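Here is my notebook from an afternoon of looking things up, one entry per topic.

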There are 2 protein chains.
Amino acid sequence: MLINTPETVVADALRGMAVAHPELRVDVENRVVVRRDAPVAGKVGIVSGGGSGHEPLHGGFVGPGMLTAACPGAVFTSPVPDQMVRAALAADSGEGVLFIVKNYTGDVLNFDMAAELAEEEGVRLAKVLVDDDVAVTDSLFTAGRRGTGATLFVEKIAGAAAEAGAPLEEVAAVARRVNESSRSFGVALSSVTTPAKGTPNFDLPDGELELGIGIHGEPGRERRPMMTSREIADVALTAVVEDRPPTGPVLVLVNGMGATPLLELYGFAAEVGRGLAERGIEAARTLVGNYVTSLDMAGCSVTLCQVDEESLRLWDAPVQTAALRWGR
Amino acid sequence: MLINTPETVVADALRGMAVAHPELRVDVENRVVVRRDAPVAGKVGIVSGGGSGHEPLHGGFVGPGMLTAACPGAVFTSPVPDQMVRAALAADSGEGVLFIVKNYTGDVLNFDMAAELAEEEGVRLAKVLVDDDVAVTDSLFTAGRRGTGATLFVEKIAGAAAEAGAPLEEVAAVARRVNESSRSFGVALSSVTTPAKGTPNFDLPDGELELGIGIHGEPGRERRPMMTSREIADVALTAVVEDRPPTGPVLVLVNGMGATPLLELYGFAAEVGRGLAERGIEAARTLVGNYVTSLDMAGCSVTLCQVDEESLRLWDAPVQTAALRWGR
């Protein structure tokens with residue numbers, strides 16, 4: 001591993017973000033990343049956070065058009081309420097703050113507590129829970145469905161609504177609609193090794209894969225002998241589409257789990273595109289890359305998010321973050 | 001591996017690029033990626049290419065402000081002259097074309113042949129060789145120094161010069177100056193597995209690293225027991241800085257080899273930043289990410305490129321590609 005010590009991994013990464021991104025305010029000690037011009041007058045603040053190890057999520061999504069602030073926890077561990085409150089206070093211009101919370105029990109409890117504390121400090125708060133993963137319900141760390149790839153869609157589209165000046169209730173409604181319109185399915189081709197443990201979190205023999213994996217290596221639906229990219233795309237799409245059959249165009253995220261080469265991920269994107277076409281589903285936009293990762297895990301996930309004209313416009317709106325940027 | 005068959009890996013990836021990037025023209029059969037509006041009247045064309053397996057290099061750098069066209073070879077294998085000629089013809093508006101060639105023997109020979117063939121077709125050609133890797137001279141596949149991370153700087157800065165309307169000779173001179181001002185050093189924390197072989201290209205035991213590795217897993221300077229991120233940054237910086245001591249501000253590329261988690265890479269960027277500060281070297285800009293990769297290799301490289309005001313202005317100029325985008 002390319003680290004100093006397991007204890008300093010998150011602080012070291014935050015120091016690196018400070019070096020590479022002068023457009024962010026990085027509070028290494030308190031573990032909060034804020035866009036430099038926050039709070040932005042007249043704009044709802046958007047705050048997210050979660051365990052580290054899923055980079056560029058969430059810190060890489062802080063900036064104009066997306067998150068106002070992010071707070072990273074220890075690896076695969078929820079941030080604490082104090083971080084979330086600091087992020088909320090840094091993000092609040094008086095228009096209120098939306099917490100975007102991936103559905104893991106620790107995150108949910110801590111963001112609930114932080115919301116109470118921030119409200120006591122005078123911040124108007126709304127929350128949206130992301131729970132898009134169709135693979136399993138009630139997994140390790142989660143009651144209900146896990147939050148995975150849809151987080152990117154929720155953060156981008158709610159971020160664009162906030163940037164356009166929408167009030168808190170509307171931004172929260174947009175975020176909820178995006179989550180409800182999104183479904184994901186992930187596949188692991190290798191295990192994942194956390195710095196603290198130093199050995200693979202679970203055992204996945206060469207030549208096997210696990211369908212329906214979570215982003216912390218939580219168990220999925222089943223193990224199988226290695227499949228082709230085409231077969232994997234069909235399994236993932238079938239799972240996603242059966243759970244929520246799209247009735248209109250979708251945004252597509254073809255996401256790498258961290259260690260899958262981009263060459264392979266683009267090949268997988270081709271099979272996802274083929275699979276969608278065969279099912280008569282229109283891909284309005286397709287994003288390919290490592291966005292919601294699981295440290296050094298090889299594998300991929302597919303997220304579909306059905307969009308109306310308004311959501312598509314918000315998706316296309318300019319964004320200027322470390323990991324996602326387009327428009328002016 | 002997330003593939004269909006080893007034989008279709010490159011074609012599958014190109015099909016995926018076509019799905020995800022409607023702003024590109026992707027000729028899957030002939031393996032050429034071209035920006036959709038090429039040839040751009042009045043603009044010098046910029047063409048690069050090389051073996052696949054280093055994505056997003058080069059196809060991910062095609063677009064306004066960077067490459068006009070790219071041609072990917074088979075994995076770790078030079079593209080053939082026919083691809084290069086097609087790319088040159090697609091890129092040429094009559095103002096001529098610059099070939100950016102990484103210094104590997106196969107690439108050099110094939111681009112030389114392609115230049116002759118393209119000139120016979122009436123394209124005015126210039127070439128620049130990228131050879132920034134200070135680790136070794138005369139490695140596998142290479143006479144002289146290998147071309148690695150500086151390729152990104154050369155393609156971006158020459159691309160900006162071309163976009164601004166500079167004539168061919170000037171664009172070529174800019175590209176050569178960027179290469180001469182750049183030095184790189186890479187470190188492998190794991191081996192690399194190509195789809196065709198299916199097993200690691202070389203043996204690197206757990207708990208060891210190889211200093212001075214090439215982007216195809218060519219041997220470096222030495223093996224050592226695992227080092228800290230801080231120690232690795234110091235070895236890499238010392239190698240780069242001793243070879244060409246900067247006398248002014250530098251661009252910094254902190255590059256992942258493909259399988260190193262972004263969390264770790266940002267931590268490494270912090271150590272590179274510290275090491276530069278300790279050496280009194282000003283980092284004008286720092287870019288962190290997986291840009292010049294080696295399939296599933298874990299590891300990293302550091303590239304420094306000394307810049308004057310003009311080069312820095314060209315670096316900051318807008319770019320709109322799959323992998324690198326900023327500005328309007």
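**Entry: a salt bridge inside one helix.** I began with Arg313(A) and Glu310(A), whose side chains form a salt bridge at 3.2 Å, N to O. I take a salt bridge to be a side-chain nitrogen of Lys or Arg within 4 Å of a carboxyl oxygen of Asp or Glu. Both residues belong to helix H8 (residues 309–316) of chain A, 3 residues apart, about one turn of the helix. My helices (H or I, at least four residues) and strands (E, at least two) are DSSP runs, numbered from the N terminus. I then looked up accessibility: Arg313(A) is partly exposed at 49%, and Glu310(A) is partly exposed at 33%. For these labels I use relative accessible area, with buried under 20%, exposed over 50% and partly exposed in between (1.4 Å probe, protein chains only).

**Entry: ground rules.** I note that this is a predicted model, where local features need pLDDT of at least 70, side-chain atom pairs count only at pLDDT 80 or more, and totals for chains, interfaces and linings use all residues. Residues are numbered from 1 along each chain as its sequence is written, chains are lettered from A and ligands numbered from 1 in the order in which they are written, and side-chain values use heavy atoms, with hydrogens and water left out.

Entry: Asp112(A) sits in helix H3 (residues 105–120) of chain A and Lys127(A) in strand E6 (residues 125–130) of chain A, so the pair ties together parts 15 residues apart in sequence. Asp112(A) is partly exposed at 30% relative accessibility, and Lys127(A) is partly exposed at 33%.

The side chains of Asp112(B) and Lys127(B) meet in a salt bridge at 2.4 Å, N to O. This pair links helix H3 (residues 105–120) of chain B with strand E6 (residues 125–130) of chain B. Asp112(B) comes out partly exposed, at 32%.

Entry: Salt bridges that share partners connect Asp12(A), Arg15(A), Arg230(B), Asp234(B), Glu271(B), Arg274(B), Glu278(B) and Arg279(B) in one network.

**Entry: how the copies relate.** What superposes chain B on chain A? I find a rotation of 180° with 0.0 Å of shift along its axis, at RMSD 0.0 Å. That is the relation of a two-fold axis.

**Entry: strand E3.** Is E3(A) buried or exposed? In strand E3 (residues 45–52) of chain A, 8 of the 8 residues are buried, so the strand is largely enclosed by the rest of the structure. E3(A) pairs in the parallel sense with strand E5 (residues 97–102) of chain A over 4 bridges, where pairing requires at least two DSSP bridges. Ile46(A) stands opposite Leu98(A) in E5(A). E3(A) also runs parallel to strand E4 (residues 69–75) of chain A, joined by 5 bridges, and Ser48(A) has Ala70(A) as its bridge partner there.

Entry: Leu295(A) has a positive phi of about 50° although it is not a glycine. I place Leu295(A) in the loop between strand E11 (283–289) and strand E12 (299–306) of chain A, and it is buried at 2%.

Key:
Copies are superposed by least squares on the C-alpha atoms of residues with pLDDT of at least 70 in both.
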